[in-house]
Amino acid sequence: MADSKAQSGKLLDIRNLRIEATVYPPGEAPKTITLVHDVSLTLEKGKVLGLIGESGAGKSTIGLSSMAYGRGGVRITGGEVILNGRDILKAGARGIRALRGREVCYVAQSAAAAFNPAHKLIDQVVEAAMLHGTATRAEAEKRAIALFKKLSLPNPETIGERYPHQVSGGQLQRVMTAMALCSEPDLIVFDEPTTALDVTTQIDVLAAIKDAIRDTHVAALYITHDLAVVAQVSDEIMVLRHGRLVEWGGTRQIIKEPRQEYTNALVSVHEIEHHEQQPGTAPMLSVKNVTAAYGGGHVKVLKNVSVDIYPGQTLAVVGESGSGKSTLARAITGLLPPEQGSVVFDGRTLGNRLADRPKEDLRQLQMIYQMADVAMNPRQTVGTIIGRPLEFYFGMKGRERDKRVAELLDEIEMGKGFIDRYPAELSGGQKQRVCIARSLAAKPKLIICDEVTSALDPLVAHGILKLLLNLQQVEKVAYLFITHDLATVKSIADSIAVMYRGEVVRYGSKSKVLTPPFDAYTELLLSSVPEMEIGWLEKAIKGRRMASAGN
Amino acid sequence: MSTPILRLVAQRIALGILLLLAVSVLIFAGTQILPGDVAQAILGQSATPEALANLREQLGLNDPAWLRYVHWLGGILHGDFGTAQSSGLDIASSIRVRLKNTLFLAACAAIVAVPLAIVLGLIAVRYRNGFVDKLISGLALASTSFPEFFIGYVLIFVFAVHWQIFPSISTVDETTPFLERLQAVVLPATALTLVVLAHMMRMTRAAILNVMQSAYIETAELKGLKPFDIIRKHAFPNAIAPVVNVVMLNLAYLIVGVVVVEVIFVYPGMGQYLVDHVAKRDVPVVQAVGLIFAAVYISLNIVADIAAILANPRLRHPK
């Protein structure tokens, strides 16, 4: 075995992998679907292979197959997974346990959920190394502390004594990387390790992971939907779609000279041409010196915030998590009455509390949320969901209502065939379209879009943004667009407000905000957005003036 | 120990005391509303009106209700539950013996039932939806579905009458040596165990299964841990709060709900004491026993609340 390893240099060799799952559609007989269709890949020692694709492409499923693991009811039904010269699918339960956490380790997307809240970090970090007998407790702890240092965690000697809830998300993600490296595996599966983080935190974690991979010579499967991210860390990239291989090549070739149309679409997805509109004479909605707090005034989340929104235009509010973006939306809609300041709409001051506002004011301001599937009643049909505001605000009934629902479905490019469908039968993008239609049904003057594309795949998000822009032209509706994604901002905004720790640090027309000279925070935010450029990460880290708030 | 925890714990204890006071009012009021007259009960139907009036005066039954309540509560706070009207014996000393017996029986049942239920719950999770799981759940549910008196008589028939291993009557007194005492309670403790087992087992199973959906269970699986170690080390610590709650409810049942079992096995515990004196309309005894049962119930639930607070690492180790 050792000989064949030395000869080939191959660590992982997946051949004709086929993965299936049984699904139970409501009201139908269970059926078997194929998630991965005969995919093959090889990975040499110390190399990094990026697996990229939209959700449902099978990238996580393939990644986990290197640990002979199927999430949920997923089964590996065909092919071979040869790790260190043996087919691990034939290893049996005991053999598989012996390789998990020893030869292959896993870094999950949400470290916050992947750490056990009941145990100290250090106990969890050294657990696998001790279990497999690769180190004594003392050795493993020494190694863990060295890794904490390498991953530039604060207080490396004592951070292990903390519980998961006591450290930030970005730090937790690095502790998880240390946990994977602690048992000195041959291969680490990184499953979207930076997707749940803010851009400013992502760049630090990404740099830490890249350095750790380089210094420990561990091989890695790096799974993500973000090509710009994977371009920074991978030697090779594999593009997947619907469980099939689309294209596999060196990183430079994939991002510079994609051979397949789909890869090309992924590479160029971020750009939408949007001409900035000049602010009109009178703003439609003005937020005036609003200060808001949670917990009876103890936690100030908005400090003296003032912004204007003009009719038919888009104000984008950007900032990292905890900067107060969503709280601003809650203050405008009256869900969180401001402590000071006011919200002026169409020349009159709106009631602070939701209960003080007449129905007509409620109709004028609508919201769309990040999680479309939890924003809809799963037991109502699309027709009922979109029809509800028509009944509530306009008293429409019967045929008149159904006609209007059909029109709205046409507007969101879905067609009236969807009227009788339930949310569970729709894709993520379709659900978000239904939510858009529901908000349009009220004929509002302003729609507040809270991270509406963040949970969607890039190509689907692209479609939603285009739809929103078209609807703005037709319906003359204004948007307050809350996002942490600067690429989206460039595509949709007319003016931008940058928020940092509850304050607006930069505000103006899009061109003004995005033109240097920048303040330190805006520069950090802009420079942290991954670019599809090899070597971008090193350049960006070098050129930074301030550290991100997540650290 | 950090201050927020201390505050939460103090809050729970204060609430418990308040609740107990409210219960004492209810118990007192409830026994006042009941039909029947103690004096009449003591003297019988043939008593003369004068004798009745004299006895009422002597027992203080003519005082206003709130005054009698204050006297009653004041006495209890000094350890004086009054005297039983039917027998003239001091209630506190009768209860002391009875309560000790009941606690002994409950402890014997709990020592077996609680660990057994939790271990069976863990095993059921390990082999979830398989044969072992269904067997455990099926047997536990069956034993709970049978009424306690049925289980009691079956146990007596098999172990006392047929095989004659254990006594059918569990009479003990203060002089009974420990081992004999233990032998006497084997059958009633077994009956109680069978009654409370399923509830705790099913709850443990459900609480742990709920935790098994978490991402950190997957993390543990991908470290190569054995299935049972995953349940023990990673799932169980996060399921403690609901498990402790149901365990405490069942412990409370073991103390306050043993009436039927005590009567079947003629065991001199609190339950039998209560039943005897309800039949005699002996209001002071009924009040005292009711109050003690309420105190047991409330304190066990406080213990459950405090355990749940302590089991939460977010409260134990604030940011």
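I started with the area buried between chain B and chain A, and it comes to about 2,200 Å², with carbon and sulfur atoms giving 57% of it. On the chain B side, I noted that Glu218(B), Leu222(B) and Lys223(B) lose the most area to chain A, together 31% of what that side buries. I'm keeping in mind that this is a predicted model.

Next I looked up who takes part. The contact takes 26 residues from chain A and 20 residues from chain B.

I found 16 residue pairs in polar contact across the interface, both partners at pLDDT 80 or more. Which parts of chain B supply the touching residues? I got α9 (215-222), α10 (227-235) and α15 (313-316), each with at least two residues on that side. Helix α9(B) gives the most, with six residues. I also sorted chain B's touching side by class: eight nonpolar, seven charged and five polar residues.

In one I looked up, the side chains of Glu127(A) and Lys233(B) meet at 3.0 Å, N to O.

Last entry: helix α11 of chain B, residues 240-256. I see 17 residues reaching 24 Å from first C-alpha to last, close to the 24 Å expected at 1.5 Å a residue. I listed its buried residues, among them Val243(B), Met248(B), Asn250(B) and Leu254(B). What do the buried residues of α11(B) pack against? I traced them to α5 (91-126), α8 (178-212), α12 (259-264) and α14 (283-311) of chain B.

Methods
Residues are numbered from 1 along each chain as its sequence is written. Chains are lettered from A and ligands numbered from 1 in the order in which they are written. This is a predicted model: local features need pLDDT of at least 70, side-chain atom pairs count only at pLDDT 80 or more; totals for chains, interfaces and linings use all residues. Side-chain values use heavy atoms; hydrogens and water are left out. Contact means heavy atoms within 4.5 Å. Buried area is the accessible area (1.4 Å probe) that two parts lose on being put together, summed over both. A salt bridge is a side-chain nitrogen of Lys or Arg within 4 Å of a carboxyl oxygen of Asp or Glu. A polar contact is a pair of N or O atoms within 3.5 Å; within protein, one must be able to donate a hydrogen and the other to accept it, and residues adjacent in sequence count only if both atoms are side-chain atoms. Helices (H or I, at least four residues) and strands (E, at least two) are DSSP runs, numbered from the N terminus. Ala, Val, Leu, Ile, Met, Phe, Trp, Tyr, Cys and Pro count as nonpolar, Asp, Glu, Lys and Arg as charged, and the others, Gly among them, as polar. The expected span of a helix is 1.5 Å times one less than its number of residues. Buried means under 20% relative accessible area, exposed over 50%, partly exposed in between (1.4 Å probe, protein chains only).
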